[in-house]
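Reader: Can you walk me through this one? I'd like to start with the pocket.

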Amino acid sequence: MSIPHLFRCPISLDLFTDPVTLSTGQTYDRPCIERWLADGNLTCPVTMQRLSDASLVPNHTLRHLIDQWLFAGAADFHCRTKPTRSVNDNELSLAAVKQKLQSPDMASAAKLQALGKVRAVAVESDIGQACLIQLGFFPLLLQLLLRAPWPADSELIEVALDCVLSFSPASPLDSLNMLTDSSNLDSLMLLLDQGSARIKTSLCHLLEVIATSGATQELSLIVGQSPRVLQALVFLAQNKPDGAASEAAVRAIAGLCSSEANRGNAIREGAVDGIVSYLSSSAGKTDARALAALELLLGHEEGKRAAVRNPNAIPVLVKMVFKVPSDHKGGEHAVGSLLRVCCDSTPATMQAVDAGVVMQLLLLLQSQCSSKAKAKARALLKLVKSMWAAHAGGGQCNNDK
């Protein structure tokens, strides 16, 4: 097998034999960097930063991972380089870990132990994580958590999900497309319905990754059209006692709603009510991501009607226009949402006035908010003034709802 690029010295481009790290954070093979310094160079070869300290610190983590990689691939890899040290008989190599996780006959306790090793290596360093990804652990962990018996292996699923999420920023996310298979998607939905609070929270984070990755756009549309998934997310968003799950669910909804194709379905499954419920119970915090998603949903007629029907929607949005400490981005989205609802509804405008929207808008305009936020605030003030005048004069807005 080919040498992972992280295991190659930037100078020689060969496999590290004795990796050492400079004060700049760059790692080199000791013989190469010693020759570089002996030639009178006083800079780091990669960054070209001048070295105030030319000391070389052994990179034990990288050395350990290279040893494991060499042993794991000994059958396929022929190299003059020998492992830099022997592997203790009690040490579980990554090849053995992978074999345990792949074995259908391995006991859950043994798989759980193996997962603990994977998590430790992934957390220890970026290099460790890259090594695991190179060896194909990401799709293996996905398969493991989707096929593990529920609820018998709940702890195994929790740890596998932790590992998947720790890998996801650096992994080739097209592996997630295995969820387009109906049986795999059914397994995910079962866990989202019946899993522990920790599993549900982790799955919400995974759905957010799916919704925001370019490699999983088709999967995002499949998930976003699933009433069962959306209903589960809305339920979690409204789950006031579990703040972590509630926040993760809202972030997943927001991610899915970034695609216009998913918004109508999200509205029909209660996304507007779910986000309003979350905002009303978020301990006074302004959540810009949730408010941005709500503004998108209120761009649909169905979304506006859902907001007008919800007695808490207008008061919650008014409170979010300006808060101390101020979240100007959240305030901008709150004003945008109010504009979309109030432009077609005199009752909604009157409700906003009763909730104190005028004072909130004036406070926002006096703050250091963006020009975009101020433009929206002025537009809403103008709308409030004109509708108030029409209402006082016995007139009606074009479309009272």
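**Pocket and salt bridges**

Author: The lining of the largest pocket divides into seven nonpolar residues, four polar and three charged. This is a predicted model, where local features need pLDDT of at least 70 and side-chain atom pairs count only at pLDDT 80 or more, while totals for chains, interfaces and linings use all residues. Residues are numbered from 1 along each chain as its sequence is written, and side-chain values use heavy atoms, with hydrogens and water left out.

Reader: What volume does the largest pocket have?

Author: About 230 Å³. Among its 14 lining residues, Leu-101, Lys-111, Gln-143, Leu-144 and Arg-147 are the closest to its centre.

Reader: Which helix gives the most to that lining?

Author: H6, with four residues. Helices H3 (94-102), H4 (108-124) and H6 (137-147) each supply at least two.

Reader: Switching topic: how many salt bridges are found in the whole structure?

Author: The search finds 15, a salt bridge being a side-chain nitrogen of Lys or Arg within 4 Å of a carboxyl oxygen of Asp or Glu. One of them joins the side chains of Glu-208 and Arg-251 at 3.0 Å, N to O. Glu-208 is in helix H9 and Arg-251 in helix H12 (residues 243-257), 43 residues apart.

Reader: Is Glu-208 buried or exposed?

Author: Glu-208 counts as buried because its relative accessibility is 12%, whereas Arg-251, at 29%, is partly exposed. Buried means under 20% relative accessible area, exposed over 50%, and partly exposed in between, with a 1.4 Å probe and protein chains only.

Key:
On a 1 Å grid over the protein atoms alone, a cavity is a set of points where a 1.4 Å probe fits but cannot get out, and a pocket is an open set with protein on both sides within 12 Å along at least five of seven lines; lining residues have an atom within 4 Å of a point. Grid points are joined across faces, edges and corners, and a volume is the space filled by probe spheres set on the points. Ala, Val, Leu, Ile, Met, Phe, Trp, Tyr, Cys and Pro count as nonpolar, Asp, Glu, Lys and Arg as charged, and the others, Gly among them, as polar.
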